[in-house]
Amino acid sequence: MPDPDPCVVKPPKSLLRQVGRAIADFQMIGEGDRILLGVSGGKDSLSLLQILAHLRTYAPVRFELAVLTVDPQVPGFDPEPLKDYYARLGVPWFYEQQPLMEQAQQHMDGDSFCAYCSRMKRGIMYRICREQGYGVLALAQHLDDLAESLLMSLFHGGQLRTMKAHYLNQDGDVRIIRPLVYCRERQTADFAESARLPIVPDSCPACFTRPTRRAHMKALLAREEAEHRHLFANILHAIKPIMVEPRQEN
């Protein structure tokens, strides 16, 4: 039996339902929005691309969708094979290269490489949004990411914080949305595998050389979930009030 064509595979109803509910709950997408999705080539961003491309075919509001890959120029990272995949999906692809690891070694001061890289990538994404006329930047963090961020903030920052589901950037010209905030990482992993999504392996040497705080939090949560199966549902219930900016709260 031939492998499924990832360009025509319908995402599972569970993912579509959770993403649809998050979009509605946090008012992420409106009529005429031009959305630029940050795609690394990993399971989460490619799953979100498939979901948004599918929702676009029947959503009650019309929106445009494009993708952006920021290449940090680390050995082994090659997103070029995705070019044909994006074309077949019918989404424009923007590609930016920047030697982030080299820059980090020169300019990083008291910060982790992952934090530095994330901050620099975000600046590039904002710039491309402005240059190309996209007012919404979509990112693929899921509930596991939000739970890990919560624990990192509590344990190491002394603050009750996590990633926002929908917010406006500091300059007030780009909205950032995270449509996967109700979804679990295992859901995107299962979908990516079953749909044979063309995943580009993570090849960042900084991620492989030493465990990160996020990795420790992921392991801690996995141990706790093994004993308490409602752990993530409880975490989601607890963090929903802090997943929005104060201006969005009623």
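A charge is taken to sit over a ring if NZ of Lys or CZ of Arg is within 6 Å of the ring centre and within 35 degrees of the ring normal. Arg-184 lies over the face of Phe-232, at 3.6 Å from the ring centre. The charged end of Arg-34 sits over the ring of Tyr-134, 4.0 Å from its centre.

The model is predicted: local features need pLDDT of at least 70, side-chain atom pairs count only at pLDDT 80 or more, and totals for chains, interfaces and linings use all residues. Residues are numbered from 1 along each chain as its sequence is written, and side-chain values use heavy atoms, with hydrogens and water left out.

The chain holds 10 helices and six strands. Both are DSSP runs numbered from the N terminus (helices H or I, at least four residues; strands E, at least two). Of the 250 residues, 49% count as buried. Buried means under 20% relative accessible area, exposed over 50% and partly exposed in between (1.4 Å probe, protein chains only). Contact means heavy atoms within 4.5 Å. Among contacts between residues at least 6 apart in sequence, 77% join residues at least 24 apart.

Five aromatic pairs are found in a search of the whole structure. The rings of Tyr-85 and Tyr-86 have centres 5.7 Å apart and planes at 40°, so this pair is tilted. Rings of Phe, Tyr and Trp (its six-membered ring) pair if their centres lie within 6.5 Å; planes under 30 degrees apart count as stacked, over 60 as edge-to-face and the rest as tilted. Tyr-85 and Tyr-86 are both buried. Phe-94 and Tyr-134 form an edge-to-face pair, 5.9 Å centre to centre with 75° between the planes. This pair links distant parts of the chain, 40 residues apart. Phe-94 belongs to strand β3 (residues 93–97), and Tyr-134 to the loop between α5 (113–132) and β4 (136–138). Phe-94 and Tyr-134 are both buried. Ring pairs also link Tyr-85, Tyr-86, Trp-93 and Tyr-95 into a cluster.

Helix α6 (residues 143–157) packs on helix α10 (residues 231–239) at an angle of about 70°, with axes 10 Å apart. α6 is therefore roughly perpendicular to α10. Axes are lines fitted to C-alpha atoms, for helices over the stretch in contact, and angles run from 0 to 180 degrees between N-to-C directions. Angles of 65 to 115 degrees count as roughly perpendicular, under 35 as roughly parallel, over 145 as roughly antiparallel and the rest as oblique. From α6, the contact is made by Leu-143, Asp-144, Leu-146, Ala-147 and Leu-150. From α10, Phe-232, Ile-235, Leu-236 and Ile-239 take part.
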